[in-house]
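Welcome to this guided tour! Open your viewer, get ready to select residues by number, and follow along stop by stop.

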Amino acid sequence: MKKCIIAVLALGLLLVSSYAMADLKNDATAHVYVNIDPNIAVTAIDANVRAASLQTGDVSVPITFQVDANTEAVELSAIVTNLYKGDDPSGTEVAPILPSGGGVIIDPANANPINGGSNLAAYSTVGTIVTDKGTFVGLTTQSITFESSQDGHFSQAVEVTPTWGNSDNEKPQGQYSGYVELLAAVVGGVK
């Protein structure tokens, strides 16, 4: 029995000493993965664009936006609102000046529409832009996918040219205003 107790104590001492030795030095390794998510930012170069004067006919207004994305391909579309007298979309006495021309020209500095497509984004649905002055109604265009000539990114000026038309020879004089919004989305990305 005494030999049995000594054997158990020796075994216990051996286990405790081997456990203590493992605590004196040890290491582990973890493999880390980080995915860079696609992202995009759009800013208006000039937030207040003054167009040429108009009596009757059409007026086209080029507006420059900056688009920065970490993907080479982006989808671009636009919302073009009616132009309202006195910047008042709730005014009903004077009819607004409506978008015309069937769509908007979208022209990035260093990109082209994929598959030889057109850079005329056709109007497709009614669109609105809500501001502190009210809801400006207009038209939304279809999206066009553009491929950048830049290596791995899309960072460039994009000129958007909508057109408005007035056929009313007796349209009340004054300032009519509205909004143009460039909508941008990345194409592809890490899943």
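**Stop 1: Thr141**

Select Thr141 to begin. With a relative accessibility of 4%, Thr141 counts as buried, because buried means under 20%. Keep in mind as you look around that this is a predicted model. Thr141 sits in strand 9. Now show its surroundings: leaving aside neighbours within four places in sequence, Thr141 is in contact with Ser77, Ala78, Val104, Ala121, Ala122, Tyr123 and Ser124. Pick out Tyr123 from that list. Thr141 and Tyr123 are 18 residues apart along the chain, yet their C-alpha atoms are separated by 4.1 Å.

**Stop 2: a cluster of rings**

Stay with the aromatic residues and select Tyr84, Phe136 and Tyr179, which ring pairs link into a cluster. How many aromatic pairs are there by the counting rule used here? The count comes to 2 aromatic pairs. Look at Tyr84 and Phe136: this pair is edge-to-face, with 5.5 Å from centre to centre and 75° between the planes. Tyr84 belongs to strand 5 (residues 84–85) and Phe136 to strand 9 (residues 134–141), so the pair ties together parts that are 52 residues apart in sequence. Both Tyr84 and Phe136 are buried.

Next, turn to Phe136 and Tyr179. Why is this pair edge-to-face? The ring centres of Phe136 and Tyr179 are 4.9 Å apart and their planes are at 80°, so the pair is edge-to-face, a class that needs planes over 60 degrees apart. This pair also links distant parts of the chain: Phe136 is in strand 9, while Tyr179 is in the loop between strand 12 and strand 13, 43 residues apart.

Phe136 has a relative accessibility of 0% and counts as buried, whereas Tyr179, with a relative accessible area of 29%, is partly exposed.

**Stop 3: the largest nonpolar core**

Select Leu76, Phe154, Val158, Val160 and Trp164. Of the 26 residues in the largest nonpolar core, these touch the most other members. Several strands each supply at least two residues of this core, among them strand 4 (73–81), strand 6 (98–108), strand 8 (120–131) and strand 10 (144–148).

Zoom in on Phe154. Which residues does Phe154 touch, not counting those up to four places away in sequence? The list of residues that Phe154 touches includes Val67, Val74, Leu76, Pro108, Ala111 and Phe146.

**Stop 4: Gln156**

Now select Gln156, found in strand 11. Is Gln156 buried or exposed? At 3% relative accessibility, Gln156 counts as buried. Click on Ala109: its C-alpha atom and that of Gln156 are separated by 6.1 Å, although the two residues are 47 residues apart along the chain.

**Stop 5: the largest pocket**

The largest pocket holds about 1100 Å³ of space. Which of its 34 lining residues lie nearest the centre? Select Val49, Ala51, Leu83, Tyr176 and Ser177 to find them. Strand 3 (63–69), strand 11 (154–166), strand 12 (176–177) and strand 13 (180–186) each supply at least two residues of the lining. Colour the lining by class, and you will have 17 nonpolar, 11 polar and 6 charged residues.

Note on methods: Residues numbered from 1 in each chain as written. Predicted model: local features only at pLDDT ≥ 70, side-chain atom pairs only at ≥ 80, totals over all residues. Heavy atoms only, no water. 1 Å grid on protein atoms, 1.4 Å probe; cavity = no way out; pocket = protein on both sides within 12 Å on 5 of 7 lines; lining within 4 Å. Points joined across faces, edges and corners; volume = space filled by probe spheres on them. Helix = DSSP H or I, 4+ residues; strand = E, 2+ residues; numbered from the N terminus. Nonpolar A, V, L, I, M, F, W, Y, C, P; charged D, E, K, R; others polar. Phe/Tyr/Trp six-rings, centres within 6.5 Å; stacked < 30°, edge-to-face > 60°. Buried < 20%, exposed > 50% of the residue type's maximum accessible area, 1.4 Å probe, protein only. Core = buried A, V, L, I, M, F, W, Y, C linked by side-chain atoms within 4.5 Å. Contact = heavy atoms within 4.5 Å.
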